[in-house]
Amino acid sequence: ALFVGVVLLSSAMQIKSTMDEPQIMERDYARADYLEENGMTFGYATFWNANVVTELTSGKVEVVSISIDENAEGQGVPRTGQWLEKIEDIGMNHPNESVFILLSPQEAERLKDFLALSGAEKTYEDDGLGVYRIESQRAFFDAAEKLDTP
């Protein structure tokens, strides 16, 4: 009986905690709506942010996950990877279309040289992430390659 009581109490506490602070918040919905309403249908973000936006928009906004690595000079460089993305989305298959990148303030700081080199413009910001529009996917890949080349 004691064991059952402990399990029920801990389960109730976990449920209350989740309801008090849900994983997906209003700002996540607002950010996804902003991207969709402004025709930003393809972009990049770190793993958790990429998948949230893709799910919230039912795939209307496709977001490829990136990792942020450092080059020899310590500058941040975004790298695409395949986890839940389509294989064709990893490479440069939209060279002349504008893309976006979602970044937390800490991620933006790590990628400040990349953002400057790619010509990224911040178009939206909330208390969690900023949306940066880049003129073309080619500019995204060119900037990453320049920073990654010794």
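A residue counts as buried under 20% relative accessible area, exposed over 50%, and partly exposed in between, with a 1.4 Å probe and only protein chains considered. With that in hand, welcome to the close-ups. This is a predicted model, in which local features need pLDDT of at least 70 and side-chain atom pairs count only at pLDDT 80 or more, while totals for chains, interfaces and linings use all residues. Residues are numbered from 1 along each chain as its sequence is written, and side-chain values use heavy atoms, with hydrogens and water left out.

**Figure 1. The fold at a glance.** Six helices and six strands make up the protein chain. Both kinds of element are DSSP runs numbered from the N terminus: helices are H or I with at least four residues, and strands are E with at least two. Following the sequence, their order reads α-α-β-α-β-β-β-α-α-β-β-α. The chain has 150 residues, and 38% of them count as buried.

**Figure 2. Strand 1 meets strand 2 by way of helix 3.** Strands are taken to pair if DSSP finds at least two bridges between them. Strand 1 (residues 42-46) and strand 2 (residues 62-70) are joined by five bridges in the parallel sense, and Thr 46 sits opposite Ile 66 of strand 2.

**Figure 3. A hairpin of strand 2 and strand 3.** Strand 2 also pairs with strand 3 (residues 76-80), this time antiparallel and again over five bridges. Asp 69 faces Val 77 of strand 3 across the pairing. Five residues separate the two strands of the hairpin, and Gly 74 in the turn has a positive phi of about 85°.

**Figure 4. Inside the largest nonpolar core.** A nonpolar core is a set of buried Ala, Val, Leu, Ile, Met, Phe, Trp, Tyr and Cys residues joined through side-chain atoms within 4.5 Å. The largest one here holds 19 residues, and those with the most contacts inside it are Tyr 44, Ile 101, Leu 103, Leu 111, Phe 114, Leu 115 and Phe 140. At least two core residues come from each of strand 1, strand 2, strand 4 (99-103), helix 5 (112-118), strand 6 (130-134) and helix 6 (137-148). Helix 6 gives the largest share, with four residues.

**Figure 5. Salt bridges across the chain and along it.** A salt bridge is a side-chain nitrogen of Lys or Arg within 4 Å of a carboxyl oxygen of Asp or Glu, and that rule gives seven of them. In one, Glu 36 pairs with Lys 60, their closest N and O atoms being 3.7 Å apart. The two residues are 24 apart in the chain: Glu 36 belongs to helix 2 (residues 26-37), and Lys 60 to the loop between helix 3 and strand 2. Glu 36 counts as partly exposed because its relative accessibility is 32%, whereas Lys 60, at 54%, counts as exposed. In another, Arg 79 and Asp 148 come to 2.5 Å, N to O. Arg 79 is in strand 3 and Asp 148 in helix 6, so this pair ties together parts 69 residues apart in sequence. Arg 79 is partly exposed at 27%, and Asp 148 is partly exposed at 36%. Glu 109 and Lys 112 form a further salt bridge, with closest N and O atoms 3.2 Å apart. Lys 112, at 46% relative accessibility, is partly exposed.

**Figure 6. Tyr 29, Thr 57 and Ser 58.** Tyr 29 lies in helix 2 and is partly exposed, with a relative accessible area of 39%. The C-alpha atoms of Tyr 29 and Thr 57 are 8.7 Å apart in space, although 28 residues separate the two in sequence. Ser 58 lies in the loop between helix 3 and strand 2 and has a positive phi near 50°. Most residues other than glycine have a negative phi. Ser 58 is exposed because its relative accessible area is 66%.

How values were computed: A crossover is right-handed if, with the strands pointing away from the viewer, the path from the first strand over the helix to the second runs clockwise.
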